[in-house]
Amino acid sequence: MAVPNIATATTFTATKNLSFGTLIPSSTSGSVVIGLNGSINTNGTATVAPSGTAYYAGQAVYTGSGLSNVANIVTMTFLSSSVTLSNGSGGTVTVNNFTITPNLQVSLLNPSATANVGGTMNFTSASIPGNYTGSVQIQASSLLGGTATVTLPITLTLWRPLSVSQTTAMTFGGIEARGGNSVVTLLPQNGTRTVQSGQSGVNLIASKPGAAGVFSITGNPNTAVTITLPSTATLTGPGAAMTVNNFTRTPAGDNSTLNSSGTMTLRVGASLNINTAQAAGTYNGTYNITVSY
């Protein structure tokens, strides 16, 4: 008596979600691609955040019946060509151009096969910061194993891009030069001026006070940023150029953290080096600060 081939249950299971990681958009719209090998291509429209979730290809495991030693080819089909991810606060992105490992095979000796899944994430100005989730359905079928469907989760985190704007310009105020080299220091906390050296060479004019530089920083809430101040700057005017150095700031420290609203007020002070016989007049200059995640 011949024993018929009886197919056992076929399973198709998601073992790793398709993750676009944590990204910082550098334009109002763009696309990011995750390849089957887990590589990422931001196409110059976003940068990968220095911390946060990692990016990687999705994975799903198909286990067939294994009725034959003959190779059994598995056909994979995405049931949607495009899906929408949302962050629960009105933000949306779309994911399309899905890819999957081609020519998967199962057999009696190797009844399971792992498929890697990639795709393209598209964001717009409506893609506000937050944690995005969604999914895509994939159908797998084979001659001996039948058909099975899996729902593969898709995840993404978007950070708010950093922006810095000056709200108060740094000024050393009015200073009377009386001769001799002097150093005037401007405190970042409150813009108070003190004569660090050469006290007899200058007089701080009280009616023309100084002011610390004040900047407004906005970015991703509760996220650490690194703030870099310049080493020197130069003021030029009717007389010899004056050097500004010893820049200080508040908040101090190597790293600072944006508050729950994603904002921070940065105050900057420095020291002004006044030359002997400094000519009277107005002196101006610029300095750069760098803020990064």
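Which residues does I175 touch, not counting residues up to four places away in sequence? They are V184, R193, V202, N203, L204, I205, L272 and I274, where a contact means heavy atoms within 4.5 Å. Let's start from this residue and walk through the structure together.

First, a word on what you are looking at. This is a predicted model, in which local features need a pLDDT of at least 70 and side-chain atom pairs count only at pLDDT 80 or more, while totals for chains, interfaces and linings use all residues. Residues are numbered from 1 along each chain as its sequence is written, and side-chain values use heavy atoms, with hydrogens and water left out. The pLDDT is the predictor's confidence in each residue, from 0 to 100. Here the chain averages a pLDDT of 92, and 94% of the residues score at least 70.

Strands (E, at least two residues) and helices (H or I, at least four) are DSSP runs, numbered from the N terminus. I175 is partly exposed, with a relative accessible area of 26%. On this scale, buried means under 20% relative accessible area, exposed means over 50%, and partly exposed lies in between (1.4 Å probe, protein chains only). One of the contacts of I175 is V202: the two are 27 residues apart in sequence, yet 6.6 Å apart in space, C-alpha to C-alpha.

Now for the empty space. Rolling a probe the size of a water molecule over the atoms shows where empty space is left. On a 1 Å grid over the protein atoms alone, a pocket is an open set of points with protein on both sides within 12 Å along at least five of seven lines, and lining residues have an atom within 4 Å of a point. Grid points are joined across faces, edges and corners, and the volume is the space filled by probe spheres set on the points. The largest pocket holds about 710 Å³ of space. It is lined by 30 residues, and those closest to its centre are F172, G173, L235, L272 and Y283. The lining divides into 17 nonpolar, 11 polar and two charged residues. In this sorting, Ala, Val, Leu, Ile, Met, Phe, Trp, Tyr, Cys and Pro count as nonpolar, Asp, Glu, Lys and Arg as charged, and the others, Gly among them, as polar.

The second largest pocket has a volume of about 200 Å³. Of its 14 lining residues, P25, S27, T124, S125 and S127 are the closest to the centre. Its lining is made of seven nonpolar, six polar and one charged residue.

Next, look for the rings. Rings of Phe, Tyr and Trp (its six-membered ring) pair if their centres lie within 6.5 Å; planes under 30 degrees apart count as stacked, over 60 as edge-to-face and the rest as tilted. The count comes to five aromatic pairs. One of them joins F12 and Y62, edge-to-face, at 6.0 Å centre to centre and with 70 degrees between the planes. Because F12 lies in strand β1 (residues 11–16) and Y62 in strand β7 (residues 58–63), the pair ties together parts that are 50 residues apart in sequence. Both residues, F12 and Y62, are buried. Elsewhere, F215, F247 and Y287 form one aromatic cluster.

Finally, turn to the backbone. Most residues other than glycine have a negative phi, and most peptide bonds are trans. A cis peptide bond joins T250 and P251, with omega at about 5 degrees, and P251 lies in the loop between β23 and β24 (255–257). N97, in strand β10 (residues 92–100), has a positive phi near 50 degrees and is exposed, with a relative accessible area of 53%. N222 also has a positive phi, of about 55 degrees. You can find N222 in the loop between β20 (213–218) and β21 (224–228), where it counts as exposed at 55% relative accessibility.

Key: On a 1 Å grid over the protein atoms alone, a cavity is a set of points where a 1.4 Å probe fits but cannot get out, and a pocket is an open set with protein on both sides within 12 Å along at least five of seven lines; lining residues have an atom within 4 Å of a point.
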